[in-house]
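I opened the file to take notes on its layout. I wanted the overall division first, then a few details.

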Amino acid sequence: MNLEKYSIGIGDRFGREGVAQLRALVEAKKLGVDIVPVWNKSNREHTLIGTSPGNVRVEADAAVRELSWRASYYVDADHIGLATVDKFIASSDFYTIDVADYIGKPATRESTDAFLRDMAKFKGTLQIPGVDAAVEVTDALLMEVARKYLYALEEAGKVYRHIVEKKGENSFVAEVSVDEADKPQNPIELFFILAGIAREKIAIQTIAPKFTGSFLKGIDYVGDIRQFAREFEDDISVIAFAVKTFNLPENLKLSVHSGSDKFSLYPVMHAAIARCKAGLHLKTAGTTWLEEVIGLAASGNDGLEIAKEIYAAAFNRFDELAKPYLPVIQIDRTKLPEPREVAKWDERQFVETLRHNQSSRMYSIHFRQLVHIGFRIAAEMGEKYNQRLTEYRAEIEKNVTENLLVRHIRPLFLGQAAD
Ligand SMILES: [Zn+2]
């Protein structure tokens with residue numbers, strides 16, 4: 001099973017937007033770019049919403065049928081490990097093996113020695129084609145890489161072999177993710193991480209490093225764009241070199257997590273993948289649910305009412321909702337409007353405050369992030385929320401499709417400026 005050059009992870013919290021999401025890819029195809037969908041949902045997300053992995057498979061299959069989608073599509077067991085992978089075996093054919101928690105745990109003396117022995121041939125000046133600066137590979141550098149990553153990569157090997165045992169070789173796409181690490185990995189670390197992955201004989205097709213800067217949920221990139229651009233392009237060169245050096249799958253490419261809404265990065269990412277003829281997997285961050293709220297609010301009446309209700313409840317339960325997301329949100333509470341103010345808003349004010357349109361004076365990153373982490377409020381509403389989603393289907397789907405196509409796919413994969 002070979003993942004295509006361009007793919008997009010389309011998380012969908014409530015599982016209702018599969019068709020609207022896929023429609024964006026149908027439109028993209030008409031515009032001249034082939035992107036395959038990967039429906040992803042993590043174990044964490046399933047637990048918070050009360051869904052199971054099988055639901056995602058049903059949603060993906062149904063969307064594909066409805067739109068007569070002929071190309072490939074995948075269902076991603078997102079951020080799994082040995083403890084959580086089993087319930088994804090039947091329904092998934094893409095596995096994001098997350099080993100960030102194992103970074104820094106010590107490998108055995110024996111395996112550390114073996115790693116250092118295998119890597120000794122890279123000692124001295126290492127010039128990776130496409131990377132400007134040569135790197136001096138020393139014993140100290142190799143020791144440091146082993147100390148940080150070796151055990152984690154061994155763990156990835158265990159998870160990978162477990163999946164192979166259950167599903168058979170070549171029957172799924174394997175990603176290894178370290179994006180939830182505390183610190184970013186630089187290109188040379190990425191090179192030796194890929195060496196470690198090759199030693200574990202993982203047929204890896206996508207790798208998700210942690211990049212420099214902050215990838216916050218649902219808002220634009222926070223950080224140094226030029227530094228990101230350099231690192232991103234170096235990572236692409238490192239991957240191409242590692243594929244040859246370690247005999248890794250030819251289609252190995254970068255996976256960018258929390259990649260939705262990173263509008264200021266799309267031009268540089270597009271330029272890099274175009275120049276290097278590289279592939280890319282962009283994983284979105286569950287922001288489709290925000291398009292549901294936008295669609296509801298835009299519909300007025302009880303659609304706007306439920307959107308306000310969700311905001312008010314999220315405002316009142318801020319601490320509880322924010323707790324699991326503290327590393328990936330930056331909300332200034334003093335900038336959040338009081339629910340009694342929001343109660344007076346018309347649909348336009350609600351929509352413009354929430355929609356990720358940086359040229360709108362009403363847009364608020366604080367408001368947007370709070371609603372984003374407020375999906376649990378909607379989950380708790382259960383049937384009531386579901387009914388509204390049915391009632392205002394047309395407006396919601398329009399927003400879901402447009403958000404993916406216009407604000408994400410066009411600038412990132414086609415190099416077209418968003419309007
Ligand atoms: Zn991730």
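Which domains does the domain assignment of the protein give? I am working from a predicted model. The assignment lists domain 1 (6-286) and domain 2 (288-399).

**Entry 1: the two domains.** I looked up the distance between the C-alpha centres of domain 1 and domain 2 and got 30 Å. Their contact draws 20 residues from domain 1 and 18 residues from domain 2. On the side of domain 1 that touches domain 2, helix 1 and helix 2 each contribute at least two residues. I sorted that side of domain 1 by class and noted seven nonpolar, six polar and seven charged residues.

**Entry 2: the core.** Next I looked up the largest nonpolar core, which has 119 residues. Helix 5 (residues 139-167) gives the largest share of this core, twelve residues. The core lies between domain 1 (6-286) and domain 2 (288-399), because both give residues to it. In soluble globular proteins, nonpolar side chains tend to be buried together. Ala156 and Val293 are the residues with the most contacts inside the core. I followed up Ala156, leaving out residues up to four places away in sequence, and found that it touches Ile97, Val99, Val176, Ile197, Glu200 and Ile202.

**Entry 3: helix 3.** I then turned to helix 3, which runs over residues 53-66 and has 14 residues. From its first C-alpha to its last, helix 3 reaches 20 Å, close to the 20 Å expected at 1.5 Å a residue. Which residues of helix 3 are buried? I listed Pro53, Val56, Glu59, Ala60 and Ala63. An α-helix has 3.6 residues a turn, so residues three or four places apart point the same way. Arg65 and Glu66 are exposed on the other side of helix 3. I also checked what covers the buried residues of helix 3, and the cover includes helix 1 (18-31), strand 2 (36-42), helix 2 (43-49) and strand 3 (74-80). Just after helix 3, I noted a positive phi of about 50 degrees at Ser68.

**Entry 4: Gln369.** I located Gln369 in helix 14 (residues 365-373). Is Gln369 buried or exposed? I recorded Gln369 as buried, because 23 other C-beta atoms lie within 10 Å and the cut-off for buried is 20 or more. Not counting residues up to four places away in sequence, Gln369 touches Lys217, Gly218, Ile219, Ile329 and Ile331. Gln369 and Thr287 are 82 residues apart along the chain, and I have their C-alpha atoms separated by 9.9 Å.

Note on methods: Residues numbered from 1 in each chain as written. Predicted model: local features only at pLDDT ≥ 70, side-chain atom pairs only at ≥ 80, totals over all residues. Helix = DSSP H or I, 4+ residues; strand = E, 2+ residues; numbered from the N terminus. Expected span 1.5 Å × (residues − 1). Buried ≥ 20, exposed ≤ 12 C-beta atoms within 10 Å, placed from the backbone. Contact = placed C-beta atoms within 7 Å. Core = buried A, V, L, I, M, F, W, Y, C linked by C-beta atoms within 7 Å. Domains from an automatic or database assignment. Nonpolar A, V, L, I, M, F, W, Y, C, P; charged D, E, K, R; others polar.
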